[in-house]
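Let's take a friendly walk through a protein model, one stop at a time. Have a look at the picture below, then read on.

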Amino acid sequence: MKLKTTLFACAATLALAAPAMAERELTFGLQDNEASNVYKGAQEFASKLEEISGGELTVNLFPSSTLGDFKAMVAQLQAGELDMVITGYPDMSYIIPELNLIGAPYVADDFAHLKDIIAGDWGQEMSAKFEEKGVHLLDVWYYGTRQTTSNRAIESIDDMAGLRLRTPNVPFLIAYAENVGATPAPVAFAEVYLALQTNQVDAEENPLPTIEAMKFYEVQSHVAMTNHFVASAAVQISDDLWDSLSDDEKGWITEAVAAGGELNNSLTQQAEEDLIATFEERGLTITRPDLAPFRDAMQPYYDTLEEQFGEGAIARVRGE
């Protein structure tokens, strides 16, 4: 009896002495709304993380720019006021200028190539630059590939000449329009449909899911698969927070982020495949111009970038 009592007492003492696994809720900011594939991926991340951590780590999602635009959220991350954020990978060029290189049209051939770039020497150098800014890059998810819609067939680069092409007020997309012979026309995103409908502009460029969501197919007759920019979303966590986590916690987050990315990527890739057939059924003409002349036309823009980042910078990013 005395032996049992002693054993129970020792066990109780050890239990009290052992550090309790602290539960923590991570805050996660996004610009994307609840209908987006990125948000669905973030939900999958949150669900998976809670599952594999046994509830030790949970996630509170803040979609639709609830916490501000991406720059505001990155600032909150750096200040320790926000734990995680998703932004466009090249969008981080405002604090890491070298990311302008991956934003240049046709530098990444497709998402698989982009992932290879990020995993390679140049991408690892960029990850180190993220760390210097107080940010740890966890993963990059697929956001879609930008295509060009218009009210005339684009069979070759020659058909871009004189086309009034709406672009966002983004240097590399303006450069795409200029270098392929179109006339860039920056128009606010909310006004694009009306600008197309009233012939203020002839064309616009966006990923296929955006063309569907914004119903640009109602006021455009053609979609040219120009594949000029592979958009991606960078999943980031506070570097200070990351360094404070145990190896188990880091493993849980890494596994859960990969699960979220897998869902987001598959949904976006499937949507792009399905939408080509959907647009054809609606009477739009899909064209696939030879893209080699489009890529060649970007050389003056590449030269400008290499004046800033060094000769051969584009080839190095591409892994050539």
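## Around H222

Setting aside neighbours within four places in sequence, H222 is in contact with T148, T149, S150, N151, R152, A153 and T285; contact here means heavy atoms within 4.5 Å. H222 is buried, with a relative accessible area of 14% (buried is under 20%, exposed is over 50%, and partly exposed is in between, using a 1.4 Å probe and protein chains only). The residue belongs to strand β8, residues 222-238. Helices (H or I, at least four residues) and strands (E, at least two) are DSSP runs, numbered from the N terminus.

The side chain of H222 also makes a polar contact, at 2.7 Å, with the side chain of S221. A polar contact is a pair of N or O atoms within 3.5 Å; within protein, one must be able to donate a hydrogen and the other to accept it, and residues adjacent in sequence count only if both atoms are side-chain atoms.

## How to read the model

This is a predicted model, where local features need pLDDT of at least 70, side-chain atom pairs count only at pLDDT 80 or more, and totals for chains, interfaces and linings use all residues. Residues are numbered from 1 along each chain as its sequence is written, and side-chain values use heavy atoms, leaving out hydrogens and water.

Strands pair if DSSP finds at least two bridges between them. Two bridges join β1 (residues 24-29) to β3, and these strands run parallel; F28 has M84 in β3 as its bridge partner. Five bridges join β3 to β8, running antiparallel, and T87 is partnered by A234 in β8.

## The nonpolar cores

A nonpolar core is a set of buried Ala, Val, Leu, Ile, Met, Phe, Trp, Tyr and Cys residues joined through side-chain atoms within 4.5 Å. The largest one has 55 residues, and F130 is among those with the most contacts inside it. Not counting residues up to four places away in sequence, F130 touches Y89, M92, I96, L99, V135, L137 and Q236. A second, separate core of 26 residues includes F45, A46, L138 and I237.

## A positive phi

Most residues other than glycine have a negative phi. S64, which is not a glycine, has a positive phi near 60 degrees. S64 lies in the loop between β2 (57-62) and α3 (70-78) and is partly exposed, at 35% relative accessible area.
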